[in-house]
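Please read them with the coordinates open.

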Amino acid sequence: MSLLVGLLLGIGIVVTASSLRPRGLQVALSPYGTTPNGRVGLAARVVKLASSRIAPESSELAVLERTPESFALERLVCLAIGAMIPLVTGLLMTWSGVGIPLALALAGVPLAGLAGAYLPVITIRRSATIARRNFRSSLSAYLDLVSIMLAGGAGAETALVAAARVGSGRTFSVISDCLDIARSTRRSAWSVLADEGERLGIVELPELASTIQLSGEQGARMTASLVAKARAMRTRQMAEIEASANSATERMGLPMVSMFMGFLVLLGYPAMHLIGQGFSS
């Protein structure tokens, strides 16, 4: 058992060291996904495999500011740790005098490894949901600021830029960066916002882009549209919060039901035991 554990640890250290070691021209050509001889490297294949099989969407990684490489590395580490848990547990139980079959420990390796590999996916999806919820909450505040500035007589572009610079946080920095990119590349602000919304998986940004485009091309009133959109977003957020609270309330009742069932079993067991003894006698 100890020999097997040492062999697995040695292989993991060698593979990690070889994949992290810089190799000159290979590092320069790594953005293109090929090595100097035109073949995909072993580390690139491992990263691609780990980031493509039952993996989160690219928008979920983008909204968390994560790269596929960092996700693949986290997944490989979790897989290795999960695969090691049955072996280490079997080794500790053997040292403590409790014998465990080697076949049972080896059978638990792939199951624990798969569980460890899937754990980062669950974590990222849950974190992405929370990040998008926070983004939408800040976006409604941004729309209120824009509508206030428009009501004060500011132009559409001036209101968008000034409102993005007033606030702080991820939402305001993303919108400010999009507006800066639009000015520096001479693109329209709505096209940059729409592309960023698709990249992050936030549908409210393309909707905001459509409102800005309609105001810029057809001269439509943007203040009323932004106020209505902000109100609709807040209503949707309140509905989601209420649904989450109701779900949490229902989950809180499960422990009480379980305790009640256990109490009934505790009370009924002596009576059933006495009845069983009476029939046996």
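1. I start with Asp180, which has a relative accessible area of 30% and is therefore partly exposed. The model is a predicted one, and the remarks that follow should be read as remarks on a prediction. Asp180 pairs with Arg183 in a salt bridge whose closest N and O atoms are 2.3 Å apart. Both residues belong to helix α8, where a spacing of 3 residues puts them about one turn of the helix from each other. Arg183 is also partly exposed, its relative accessible area being 37%.

2. The count of salt bridges comes to 8. Another of them joins Arg66 to Glu74, with 2.6 Å between the closest N and O atoms. Here Arg66 has a relative accessible area of 25% and is partly exposed; Glu74, at 28% relative accessibility, counts as partly exposed.

3. A further salt bridge brings together the side chains of Arg236 and Glu204, at 3.0 Å from N to O. Arg236 sits in helix α11 (residues 222-280) and Glu204 in helix α10 (residues 204-218), so this pair ties together parts that are 32 residues apart in sequence. Are the two partners buried or partly exposed? Arg236 counts as partly exposed at 41% relative accessibility, whereas Glu204, at 4%, counts as buried. The pair is part of a network: salt bridges with shared partners link Arg136, Glu204 and Arg236.

4. Glu196 is another acidic residue to look at; its place is in helix α9 (residues 189-200). Its relative accessibility is 15%, and since buried means under 20%, Glu196 counts as buried. Beyond its neighbours within four places in sequence, Glu196 is in contact with Val174, Cys178 and Leu205.

5. Which rings form the aromatic pair of this model? There is 1 such pair in the structure. Tyr142 and Phe172 make it, in an edge-to-face arrangement with 5.9 Å from centre to centre and 80° between the planes. The angle is over 60 degrees, which is why the pair is called edge-to-face. Tyr142 belongs to helix α6 (residues 102-151) and Phe172 to helix α8 (residues 170-185), so the contact ties together parts that are 30 residues apart in sequence. Tyr142 counts as buried at 1% relative accessibility, and Phe172 counts as buried at 7%.

6. For Val146, the residues touched beyond four places in sequence are Ala159, Leu160, Ala163 and Leu226.

7. Helix α5 (residues 68-95) deserves a separate look. Its 28 residues reach 40 Å from the first C-alpha to the last, close to the 40 Å expected at 1.5 Å a residue. Where is α5 kinked? The kink, of about 30°, lies at Ile85, shortly before the proline Pro86. Pro86 is one of the buried residues of α5, as are Met84 and Leu87. The buried set in this helix also includes Phe71, Ala72, Arg75, Gly82, Ala83, Gly90 and Leu91. Just after α5, Gly97 has a positive phi of about 100°.

8. The last point concerns Ala117, a residue of helix α6. Ala117 counts as buried, at 8% relative accessibility. Leaving out residues up to four places away in sequence, Ala117 touches Arg75 and Leu79. The C-alpha atoms of Ala117 and Ala80 are separated by 8.4 Å, although the two residues are 37 residues apart along the chain.

How values were computed
Residues are numbered from 1 along each chain as its sequence is written. This is a predicted model: local features need pLDDT of at least 70, side-chain atom pairs count only at pLDDT 80 or more; totals for chains, interfaces and linings use all residues. Side-chain values use heavy atoms; hydrogens and water are left out. Rings of Phe, Tyr and Trp (its six-membered ring) pair if their centres lie within 6.5 Å; planes under 30 degrees apart count as stacked, over 60 as edge-to-face and the rest as tilted. Helices (H or I, at least four residues) and strands (E, at least two) are DSSP runs, numbered from the N terminus. Buried means under 20% relative accessible area, exposed over 50%, partly exposed in between (1.4 Å probe, protein chains only). Contact means heavy atoms within 4.5 Å. The expected span of a helix is 1.5 Å times one less than its number of residues. The bend at a residue is the angle between axes fitted to the seven residues ending there and the seven starting there. A salt bridge is a side-chain nitrogen of Lys or Arg within 4 Å of a carboxyl oxygen of Asp or Glu.
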